[in-house]
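Trainee: Could you take me through this one before I start on my own notes?

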Amino acid sequence: MPMSKIETLAKRPDFLRAARAGRAPAPAFLLQARKRQADEGVDPDLVRIGYTCSKKVGNAVARNRAKRRLREIARAVLPLEGRPGWDYVLIGKANDTAARPIADMKQDLSRALQKVHR
């Protein structure tokens, strides 16, 4: 399988566009995904990913831990299963993102990607 180049989302409008697109819930996170338009001025061969955790997840330490875990599963799964020209956002869930085993979260992300690509 070809490995896709990954870039991180940083601008709020990108997160808002992903929020209006398809979503796939998983036990430890929510995946939002959208296919980018050709006129957005972004390299069509890139896979872009963003991470977010609300204050419901906990204090800053808990939110950062949850985001580190989300980054870890994205690093393992997205280069192989992410599609070029797509934006993804992983949203952490209170208690669940920090407690679920990483191996299970990787499988959850694979299933969620299959669901949003249908």
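Mentor: We can go from the fold to the salt bridges.
This is a predicted model, in which local features need pLDDT of at least 70, side-chain atom pairs count only at pLDDT 80 or more, and totals for chains, interfaces and linings use all residues. Residues are numbered from 1 along each chain as its sequence is written, and side-chain values use heavy atoms, with hydrogens and water left out.

Trainee: Which order do the elements run in from the N terminus?
Mentor: The order is β-α-β-β-β-α-β-α-α, which comes to four helices and five strands, where helices (H or I, at least four residues) and strands (E, at least two) are DSSP runs numbered from the N terminus.

Trainee: OK, salt bridges: how many in the whole structure?
Mentor: A search finds ten, a salt bridge being a side-chain nitrogen of Lys or Arg within 4 Å of a carboxyl oxygen of Asp or Glu.
In one of them, arginine 48 and aspartate 87 meet at 2.9 Å, N to O, and this pair links distant parts of the chain, with arginine 48 in strand E4 and aspartate 87 in strand E5 (residues 86–92), 39 residues apart.

Trainee: Are those two buried or exposed?
Mentor: Both arginine 48 and aspartate 87 are buried, meaning under 20% relative accessible area, with exposed over 50% and partly exposed in between (1.4 Å probe, protein chains only).

Trainee: And what about arginine 100 and aspartate 108?
Mentor: Their side chains meet in a salt bridge at 2.6 Å, N to O; arginine 100 is partly exposed, with a relative accessible area of 24%, whereas aspartate 108 counts as buried at 4%.
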